[in-house]
Structures are given as structure tokens and as C-alpha cells.
Amino acid sequence: MKTLSHRIWRTPPTADDSIEALDPEKSESEGSGDQPVVKLSPELTLCFMLSHVEPDGPVRLDGVKLSVTELMGLELDEAKLGAFAGALNACDFSLQLLVRQHPPDLRRLRRNLKIAEPTQLPAQTRAAAKSSRRLLRELEARPGILDRRFYAICESEHASELRGVLARAGLAVHPLKDDSLRRLVVAAALGGTPTDLDPDVEATAQVNRTELDVDGRLQRSLHLSKWPRSLAPGFLQQLMSIGAPLDLSLQLGPIPPAQAARQLEWQKVRFESARSMTLRRGKSLSPEAEIALEDISRLRDDVQRGRERLFNASLSVTLHAESAESLDELTQRASAHFAATLGKLDPLPFRQREGKLSTMPLALNGVGAWRTLDTSSVARCFPFSPPDLDTRSGALYGIDLRACAPVVYDPWDGTHLNANTAVLARSGSGKSFATKLGVLRGVSRGVVAYVIDPEGEYADLALAAGGRVFSPGVPGQGMNPFVVGTADPEELLQRIGSLRRLVEVMVGERLSAERRAALDHALASYYAQSRERSGFRDFYRFLERDDPEGLAKLLRPFKSGSLKHLLSDDGDDLLKHEALVTVFDLHLLEPELRPAAAMVCTETVWSAAAQDPKPRLLVVDEVWSIMQHPEGAAFMVSMAKRARKHRLGLQFITQDVQDLLSEDTSRTITGHSGRALLQNAAFKLLLQQDAAAISTVGDAFDLPTDLRRWLLSCPRGDGLLLAQGQRFPIRIEATPEETDLIEWRPGQQTTSTPNTPQKASS
Ligand SMILES: Nc1ncnc2c1ncn2[C@@H]1O[C@H](COP(=O)(O)OP(=O)(O)OP(=O)(O)O)[C@@H](O)[C@H]1O
Ligand SMILES: [Mg+2]
């Protein structure tokens with residue numbers, strides 16, 4: 001690597017002071033067959049040492065083809081640090097680790113949200129949707145909000161080896177190709193995120209004494225000329241968190257172990273001879289020299305045993321700013337960070353281009369200075385920060401407080417295990433607020449939502465969003481979960497199982513084995529006869545005909561007694577007139593009836609989802625009321641397991657965290673079901689926790705002490721999102737328009753008059 005960079009720098013850098021650059025779209029395509037080769041403009045190649053960009057990697061001016069891999073999952077924890085060091089130890093070739101943090105570019109997301117907005121939204125909801133896109137625009141410009149991306153770059157012949165090694169260290173690896181690769185190359189040259197760069201952009205770049213001026217925006221490259229004496233874990237974390245847009249590059253060239261051992265042996269001998277000379281003069285060795293000698297001996301042993309390797313390392317940073325003043329200020333802050341650890345940043349006067357090249361994805365140390373580092377020290381530079389969730393599609397769920405990045409994801413995009421979310425927190429911590437916000441933002445991009453609402457607090461939101469409100473139990477608003485309409489025998493079996501559990505909860509007691517078997521048999525033979533005639537009363541009549549176990553008698557209140565309005569015999573009205581938001585308001589029901597009613601509604605939504613699968617959200621608030629019945633708990637767990645099949649995202653909310661997670665043997669069934677329910681949620685949102693529950697929650701989710709403490713004291717609306725095996729401390733932020741709508745009460749008119757709700761048409 002060293003000689004390579006040397007040779008490149010011997011090449012006269014012609015015409016590098018003023019460049020018209022970067023027009024990858026206009027660049028011609030050549031090459032054979034279906035492997036087009038994209039050539040960038042000649043000025044770019046001169047300035048940025050790039051020959052051209054092939055579909056699977058950039059080619060450097062010296063003809064070396066590179067391969068760029070995006071990495072995700074570099075979270076600060078000791079186990080990963082060890083795995084990462086192991087991966088580095090296995091690398092026998094030069095590589096570059098590049099971190100880019102820039103203001104997020106959410107233009108495409110905003111555009112997609114606008115396109116996905118349903119036409120029938122009432123004015124107030126439309127205004128809220130617009131305000132949410134405005135919030136995204138504000139986030140792009142909000143100081144400190146940065147989109148952080150990690151890349152590893154090496155010569156393409158080593159690419160698959162590198163990816164294998166990094167994947168084994170627990171990192172997600174995404175090779176960059178085609179458009180995403182070209183966007184990264186252009187963004188690395190111009191600054192900014194690669195998400196949505198206009199490939200037709202024309203830019204002028206000028207290399208000055210201490211900065212590069214690209215279209216009026218300034219870039220200053222710095223090089224770490226003096227490394228700190230010791231590297232603490234996450235040592236670059238603070239540099240990343242000064243909140244400046246920057247590119248940070250660590251170039252690594254492994255030193256062959258034999259050479260490293262020789263080098264260390266030689267140093268050890270040098271120190272030892274110095275020590276014996278000193279002792280002969282009757283003086284004693286300084287404590288620093290003693291420590292250095294010890295360190296070298298230890299390192300030599302580790303290298304000889306293969307536990308450590310030595311690398312030629314070089315660290316460069318390019319800072320980006322709009323004005324000279326802010327660039328100077330950022331430079332000062334970055335220098336101060338290193339000064340505190342006795343390191344020194346070189347501002348590279350007259351060598352800005354060399355500095356800039358070092359932070360481009362070229363695996364090139366333009367500055368040419370190296371320092372020897374061992375594997376653990378390199379690994380300790382990483383991980384820089386926790387990863388962010390992929391921010392390329394979906395809706396805004398919050399702001400990552402640690403990475404200062406928007407948390408944007410789409411639970412239904414197929415990349416997650418399922419679209420289920422569990423919300424666990426103490427009373428008043430903002431569970432319903434966060435859920436309503438999720439419903440609203442989902443509705444604004446066409447995700448149909450159903451809410452099972454035992455407290456009657458979502459009806460207003462549904463009214464304002466032009467949705468429907470059902471009150472099961474009120475005449476004419478019953479549900480019909482007995483519609484099956486599926487030819488799939490496996491699905492039919494599942495449905496029969498759910499209906500059996502539903503009947504058990506309706507009856508209010510656990511059925512004996514005989515009765516349960518009789519019920520199962522009755523349901524199976526009922527659906528074997530005809531699926532057309534499905535409805536509770538129809539099933540009841542069928543049951544009455546041959547009912548040795550007296551099941552019909554138990555269900556009579558639902559047929560003709562006080563509960564007769566809970567179930568209806570009408571068809572699938574839910575789907576025929578599907579509204580964007582449908583709320584099942586259960587607050588008028590007796591509390592002991594709510595679990596059965598909630599299950600009736602859930603089952604009805606499930607049957608709608610089975611008939612026409614598409615992204616749907618089903619919110620079950622106060623899920624504990626269902627989970628307290630063993631049959632209800634089994635029902636919810638099986639629902640959570642199956643939801644993905646029909647693109648249903650379940651969101652269950654509870655404040656009774658302890659009960660849900662209880663390992664209490666007297667509640668064995670429910671306790672284990674609570675955990676099973678959580679295991680079937682790809683997303684878990686923990687908002688502020690109760691002091692009494694924190695140890696249960698902390699143990700269940702394996703949270704470190706600092707996060708437990710934080711969850712006790714964090715403000716309302718802040719919390720921890722657990723997804724993809726990572727933890728994201730997030731803040732749930734709504735715009736004033738959204739807050740108005742979420743907290744909207746009839747009579748408290750704001751911007752528009754909402755539609756009157758459509759009631760069930762039975
Ligand atoms: N992210 C937030 N931003 C602004 N205000 C919030 C936020 N979260 C909650 N609030 C405020 O806190 C109030 C209570 O929140 P919410 O009703 O969501 O609590 P909860 O956890 O659902 O409580 P409960 O367990 O009693 O149902 C809301 O009415 C709202 O005013
Ligand atoms: Mg609530």
C-alpha cells in the first residue's frame with residue numbers, strides 16, 4: 001500500500017486546481033455484453049484518482065479495481081469488539097474503513113410519502129400528513145442530525161474474503177453496485193449523502209491552500225499526524241459526535257507476522273540495551289521506559305502466538321461546512337478532541353487534495369504517513385456509533401437520540417421477521433400517543449389500521465381521519481368472525497382452532513377435554529358442510545341439532561340473551577367498506593366481556609386480512625386483558641405467529657409489563673405466553689418504565705444498567721426501540737398538526753370538520 005501510494009504521487013497531478021466535475025449520467029457506457037462500464041469525466045479522474053466506475057466497483061487511476069461494501073451493525077459492546085478484532089486479524093490484505101456522516105437526504109422518502117398519500121383523506125389528516133413531511137425536511141436541516149454510513153473498501157480480488165470475514169464478525173454486509181455505488185462515489189467527491197444525489201449535477205471544484213471549495217461548499221481534510229498514546233474503546237466516537245458532517249477514513253495495511261515479530265524483537269533489544277546502559281551508569285530506568293518495554297515484550301509474545309497483528313495505519317478526516325468560519329470552528333473542535341488525548345491533527349496546508357483522496361473510497365493513503373498499530377487498538381477505534389435503522393423507505397418512527405438520525409423504517413417491506421410491534425411502558429408514558437402517531441403516519445401512506453380500543457380513546461382519531469367506529473355490543477354493530485371463505489385446508493384448521501379459543505373465552509371458562517373435543521368436532525363438521533353459511537347464529541343452530549356436551553346452552557347469551565349484539569350474521573362488511581382507520585370501541589362493554597369482544601374483533605380482522613392480504617396494522621391496546629385468560633393468551637400468540645402470512649402487523653400495548661413477563665408458576669401459561677408474544681414481535685418499544693417493573697424488563701431484554709436507569713427517568717415520549725438485534729434510544733416527535741389530531745376531541749374544532757363516522761351497515 002505504501003509503495004503504491006508513493007508511485008501514484010509521483011504521477012504529476014495535472015490541472016488539479018480547477019475542475020469541472022462529475023457527470024456520471026452523461027458519461028458514456030462502454031464495455032462488452034451486458035456489463036456496461038461507466039466512465040466519469042476526465043477532470044474527475046485527474047482530481048480524484050479515479051479511472052472509471054464499473055458496475056461492481058470503482059477502478060483507480062493505477063488500474064486497481066476496488067470493491068465497496070456497506071456495513072451495518074457496529075454497536076459498541078465488548079463482545080462485538082472481540083469479534084471485530086478477530087475479523088481484522090484474518091485480513092491479509094490492505095483495506096480502508098470509511099465512515100461518512102452527513103445531513104440526511106430524505107427527498108426520496110418525502111416524495112414517496114406524497115405519492116402514497118390516499119386521495120380520500122379528510123383535510124385535517126391531509127394537513128397532518130403534510131406537516132409530517134415538513135418535519136422530515138426540518139430534520140434534514142436540523143443541526144446535529146446526521147445520517148451515518150460505514151463502508152469497507154479493498155481491492156476487488158479480496159472482496160469476497162473481506163465480506164466473509166466481516167459477516168462472521170456479526171456485521172451485515174451489503175456490496176455496493178450500479179447506481180448506489182456511483183452515488184457514493186459522487187457523494188464522496190462532492191460531500192453529502194449518497195441517497196438522492198442528482199447524477200446530472202455539474203460541479204466546480206477548486207483546491208485552495210487549506211480547503212477544497214466545491215460549488216461554494218467547503219471541505220477541509222486533516223490527517224492524524226500524532227496518535228494518542230493510548231486508544232480507549234470507541235475513541236473516535238466523540239469525534240463523530242461533534243455533530244459535524246465529515247468523512248473519516250482509516251487505511252490499514254497488514255504487516256506480515258514474521259516482519260512484525262522481527263520489528264518488535266528489534267525494538268525490545270533496543271530498549272533492553274538502553275536499560276542496561278542506564279543501569280551500568282548507576283541510574284534507574286524511567287517508569288515510562290519500563291512500561292514501554294513491558295508493552296513491547298507482551299505485544300511481541302501476542303504477535304508470535306497469532307493473537308495480535310500489526311498494521312500500518314493512517315487516519316484522515318474531511319470536514320464539510322458552508323462557510324469559512326464554521327469550517328474553522330469545526331477544525332478547532334476536532335483538533336481539541338485529539339489534543340485532549342495528546343494526539344495531533346495536521347491541517348495539511350497545500351496538501352488538501354492528498355487529504356481528500358485519503359477519505360475517498362479509493363483505498364489510498366494520499367498523505368503517505370503511517371503509524372504502526374496492533375489489532376486491538378484498531379478494533380478499539382471502532383465501533384464508532386450504534387447503527388441506524390435503514391432509512392430508505394417507510395415512515396418516520398422517531399429520532400435516534402444516540403446516532404442523531406431519523407428512525408425511518410417500513411415494517412411491511414419484507415426485510416423484517418414480521419411487522420409486529422410490542423409497546424411496553426408505565427401508565428401515562430405516551431404508549432397510546434406513540435401508537436396513534438404510528439396509525440396516523442401509516443394512514444397517510446395508505447396503511448389500513450384497525451384498533452381494538454378498550455378505553456374508547458382512539459374513536460376521536462378515527463373520526464378526524466374519516467374512519468369508522470364500531471361499538472360491538474351496541475345493536476346493529478356486531479362482528480362476524482365466523483366468515484371463513486378460504487379453500488386452504490391448513491388455514492381452515494388454524495381458523496377452527498382460533499374460533500374454538502374464542503368460544504372458550506366467550507363462555508368464560510376453560511372447557512373440559514370432552515367439551516373442547518366436541519366443540520372442535522362441531523366446528524370442523526360445520527365448515528366441512530359449507531363455508532357460505534357462516535355466521536354465529538347459523539353455527540348455533542347447527543350446534544343445537546346435536547349437542548351432547550350442552551355447548552349450545554353455554555353460548556345462548558350470545559344468541560338471544562344480553563350479549564346478542566356482540567356477534568352479527570352479516571357478511572364481511574369490514575372489507576367491503578374498508579376504511580383507512582377502523583376502531584372497535586369496547587368501553588361501553590362490561591370489563592369482563594371485553595376480552596371476548598377483543599378476540600371477536602381480532603378474529604374478524606384476521607378473516608378480512610386472509611381474504612385480501614395487504615399491509616394492515618392491527619392495534620390491540622391493553623393486551624393484558626386478553627392475555628389473562630389462558631385461551632386468550634394462546635389466541636394472541638398464535639395470531640402474532642401467523643400475522644406475517646397475511647401482511648398483518650400486530651401492535652400490542654400493555655402497561656402491565658410485569659404480568660406479561662411474569663414467570664410466576666401459578667400463571668405458567670400466561671407467563672410463558674407473554675414471552676412468546678414478545679418473541680414474535682420484530683419491534684419492541686420500551687417507553688418510561690416503572691421502578692417496580694424495571695428489573696423484570698431489564699432482565700427480559702438484557703438491558704445494561706445505564707439503559708435501565710435511563711428508562712426510569714427519561715421524559716415522556718422518549719424510549720428504547722429494540723429491532724434487528726439492536727437498541728435505539730429514540731424520541732417520538734409529533735408536529736403540532738399531528739398532536740392536534742391525536743388529541744382531538746369532538747367539539748374542540750381545529751382546522752376542519754371531520755367526517756361523521758360511518759357506522760356498521762347491518
Ligand atoms: N411523544 C409525545 N409528545 C408529546 N406529548 C406526548 C408524547 N407522548 C405522550 N404525550 C402526552 O402524554 C399524554 C399521555 O400519554 P398517553 O395517553 O399516550 O399515555 P399512555 O402511556 O397511553 O397511558 P395509559 O397507560 O394511561 O393509557 C398524552 O395525552 C400527551 O399529551
Ligand atoms: Mg393509553
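This briefing goes through one protein chain and its ligand, topic by topic. The structure is a predicted model, and its protein chain contains 28 helices and 27 strands. Of the 762 residues in that chain, 57% count as buried.

**The chain as a whole**

- Among the contacts in the protein chain that link residues at least 6 apart in sequence, 76% join residues that are at least 24 apart.

- Oxygen atoms of ligand 1 take part in several polar pairs: one lies 2.8 Å from a polar backbone atom of Gly 428, one lies 3.1 Å from a polar side-chain atom of Ser 427, and one lies 3.2 Å from an N or O atom in the side chain of Gln 655.
- On its own, ligand 1 has 630 Å² of accessible area, and the protein covers 72% of it.

**Salt bridges**

- Side chains of opposite charge can pair when their charged atoms come close, and the structure holds 39 salt bridges.
- One of them joins the side chains of Asp 56 and Lys 65, with an N to O distance of 2.7 Å; Asp 56 is partly exposed at a relative accessible area of 36%, and Lys 65 is also partly exposed, with a value of 22%.
- Another links Arg 220 with Glu 211, whose closest N and O atoms are 3.4 Å apart; here Arg 220 is buried, with a relative accessible area of 8%, and Glu 211 counts as buried too, at 16%.
- A further salt bridge connects Lys 268 with Glu 272, the closest N and O atoms being 3.4 Å apart.
- Both of these residues belong to helix 9 (residues 257–280), and because they are four residues apart there, Lys 268 and Glu 272 are separated by about one helical turn.
- Lys 268 is buried, with a relative accessible area of 13%, whereas Glu 272 counts as partly exposed at 29%.
- Salt bridges can also share partners, and in this way Arg 500, Glu 504, Arg 516 and Asp 520 are joined into one network.

- Helix 18 (residues 536–545) is largely enclosed by the rest of the structure, because seven of its 10 residues are buried.
- The buried residues of helix 18 are Phe 536, Arg 537, Asp 538, Phe 539, Tyr 540, Phe 542 and Leu 543.
- These buried residues pack against helix 16 (489–507), helix 17 (513–529) and helix 19 (551–559).

**A buried histidine in a loop**

- His 646 is found in the loop between helix 23 (630–642) and strand 24 (648–654), and this histidine is buried, with a relative accessible area of 8%.
- If its neighbours within four places in sequence are left aside, His 646 is in contact with Glu 491, Trp 606, Ala 609, Ala 610, Pro 613 and Lys 614.

**Positive phi angles in two loops**

- Most residues other than glycine have a negative phi, which gives a background for the next two residues.
- Phe 350 has a phi near 60°, a positive value in a residue other than glycine; Phe 350 sits in the loop between strand 15 (344–346) and helix 12 (352–358), where it counts as exposed at 65% relative accessibility.
- Glu 622 has a phi near 50°, which is likewise positive in a residue other than glycine; Glu 622 is placed in the loop between strand 23 (616–620) and helix 22 (624–627), and it is buried, with a relative accessible area of 17%.

Definitions and conventions
Residues numbered from 1 in each chain as written. Chains lettered and ligands numbered in written order. Predicted model: local features only at pLDDT ≥ 70, side-chain atom pairs only at ≥ 80, totals over all residues. Heavy atoms only, no water. Polar contact = N/O pair within 3.5 Å; in protein donor to acceptor, adjacent residues only side chain to side chain. Areas by Shrake-Rupley, 256 points an atom, 1.4 Å probe, with all protein chains shown as cover. Salt bridge = Lys/Arg side-chain N within 4 Å of Asp/Glu carboxyl O. Buried < 20%, exposed > 50% of the residue type's maximum accessible area, 1.4 Å probe, protein only. Contact = heavy atoms within 4.5 Å.
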